[in-house]
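Dear colleague,

Please find the structure below, handed over for your own work.

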Amino acid sequence: MIGISEIASYVPRARLSNFDRADAFGMDEDFVRNKLGIHSVSRKGPNEDTASLCVEAFRTLNLKRTVSPGDVDLVIVCTQNPEGHGIPHTSAHVHGALEMADNCAAFDIGLGCSGYIYGIGVAKSFMEAQNLKMGLLFTADPYSKILDDTDRTTEMLFGDAATVTILEPVSPGSGAWQPFGFRFSTRGSEGAALTNETGYLRMNGRAVFNFSATAVPEQIRQAMKAESLTVDDVDRFLFHQGSKYILDTLTRRLALPPNKVPCNLSNQGNTVSSSIPLLFENQLHDASICLVALSGFGVGLSWATCFARRL
Amino acid sequence: MSTQAKVISIIMDVVIGVEIDESHGDTARPFTELGIDSLDVAGIFLEIKEKLGVSVADDKIDELDTVEKIVAYLDTTTD
């Protein structure tokens, strides 16, 4: 059984303050603080790119647990903003930078905010089918590469970050996490809500909100019913960190206790597929937390939910 | 329940802490004066769609920035 045993992250040090920029975008401090929930967004440095963010996350991982690059069987990078112009694939860049072995599989997954859960599902299935022992799922989607700094709907939302998750054989009593109960959904007919057709991200905020507020609760309810879970059974609901407003909306619509819905937006922003593992990283070794729900949603439109239980 | 009462109920459900006092003319005041922002508006019109069965186009939503305008629109739509 393949499960999750460690998560590490890299959030670049540079920040842009939303309080400093609010006036220029016709927003007040109350809106920034209580609706966006994003006080500042993280920004990669001028010499950083998608693969280097992954390499930094790997270095952070090795501060928690030594992982020899030569032992890695699988590298997946979830991104829609690849290294350079995308050829070779970003996971190949990471593989090369970390000097991994030739018999290591490496490929990218082109998803955004739903990507971590799809990535866990793909990695787990691939590893179990191929009897692999050490997999690394990276998320790194630096949207700063495609943001229009005059666009009020996007410029104050998105931050840069990378995470890496170790997937490996796990056993009961190990304290590792077993993902289960996956649900994957797509609505390509409404994909125009979030696009990059000109080199810049364009988002129809209202359409994305309407989708998030309706499709996501429905998927979570279905997923919980299928696993015979109630809200009381779940210790934490780890939602994609789109904005504080969407988190509050989901909390209200699902009638969740607010203390079960963590938020880490304030000093980094919406980090796309990194937002859920950034949250999960903080819960991973908290012994009081034994069952979490993970739900990611956004560009595609694509959304996915799964659960993870502590073994 | 009147359309206006339904709309006010939806707004107060979506926008925590907002007060709409008809006797103070709040139904004619722009949302920005009532502390209702663009994200709240998205939430309000989603609930109007779900609870009242009326889907309002984005460009129309931008025009309906008071309770009275929403009520007038809904009343003409459902006639």
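B:Asp58 is partly exposed, because its relative accessible area of 35% falls between the limits of 20% and 50%. Please note that this is a predicted model. The partner of B:Asp58 is A:Arg206, and the closest N and O atoms of this salt bridge are 3.7 Å apart. A:Arg206 lies in helix α6 of chain A and B:Asp58 in helix α3 (residues 58–63) of chain B, so the pair joins two chains. A:Arg206 itself is buried, with a relative accessible area of 19%.

A second salt bridge between the chains pairs A:Lys35 with B:Asp37, with 2.5 Å between the closest N and O atoms. B:Asp37 sits in the loop between α1 (3–14) and α2 (38–52) of chain B. B:Asp37 is buried, at a relative accessible area of 18%. Its side chain also reaches the backbone nitrogen of B:Asp40, at 2.9 Å. Leaving aside residues up to four places away in sequence, B:Asp37 touches A:Phe31 and A:Lys35.

As regards the interface as a whole, chain A contributes 11 residues and chain B 15 residues. The two chains bury about 1,200 Å² between them, of which 49% is on carbon and sulfur atoms. On the side of chain A, A:Arg206, A:Tyr245 and A:Arg252 supply 48% of the area buried against chain B, more than any other three residues.

Seven salt bridges are counted between chain A and chain B. The elements of chain A that give two or more residues to the side touching chain B are α2 (29–36), α6 (205–226) and α7 (244–253). The largest share, five residues, comes from α6(A). By class, this side of chain A has four nonpolar, three polar and four charged residues.

Over all chains, the count comes to 27 salt bridges. One of them joins A:Arg43 and A:Glu155 at 3.6 Å, N to O. A:Arg43 lies in strand β3 (residues 40–43) and A:Glu155 in the loop between β6 (135–140) and β7 (162–169) of chain A, so this pair ties together parts that are 112 residues apart in sequence. Both residues of the pair A:Arg43 and A:Glu155 are buried.

Another salt bridge, between A:Glu218 and A:Arg221, has an N to O distance of 3.7 Å. These two residues of helix α6 of chain A are three residues apart, or about one helical turn. A:Glu218 is partly exposed at 37% relative accessibility, and A:Arg221 is partly exposed at 41%. Finally, salt bridges with shared partners join A:Arg252, A:Arg253, B:Asp13, B:Glu47, B:Glu50 and B:Lys51 into one network.

With kind regards

Key:
Residues are numbered from 1 along each chain as its sequence is written. Chains are lettered from A and ligands numbered from 1 in the order in which they are written. This is a predicted model: local features need pLDDT of at least 70, side-chain atom pairs count only at pLDDT 80 or more; totals for chains, interfaces and linings use all residues. Side-chain values use heavy atoms; hydrogens and water are left out. Helices (H or I, at least four residues) and strands (E, at least two) are DSSP runs, numbered from the N terminus. Buried means under 20% relative accessible area, exposed over 50%, partly exposed in between (1.4 Å probe, protein chains only). A polar contact is a pair of N or O atoms within 3.5 Å; within protein, one must be able to donate a hydrogen and the other to accept it, and residues adjacent in sequence count only if both atoms are side-chain atoms. Contact means heavy atoms within 4.5 Å. Buried area is the accessible area (1.4 Å probe) that two parts lose on being put together, summed over both. A salt bridge is a side-chain nitrogen of Lys or Arg within 4 Å of a carboxyl oxygen of Asp or Glu. Ala, Val, Leu, Ile, Met, Phe, Trp, Tyr, Cys and Pro count as nonpolar, Asp, Glu, Lys and Arg as charged, and the others, Gly among them, as polar.
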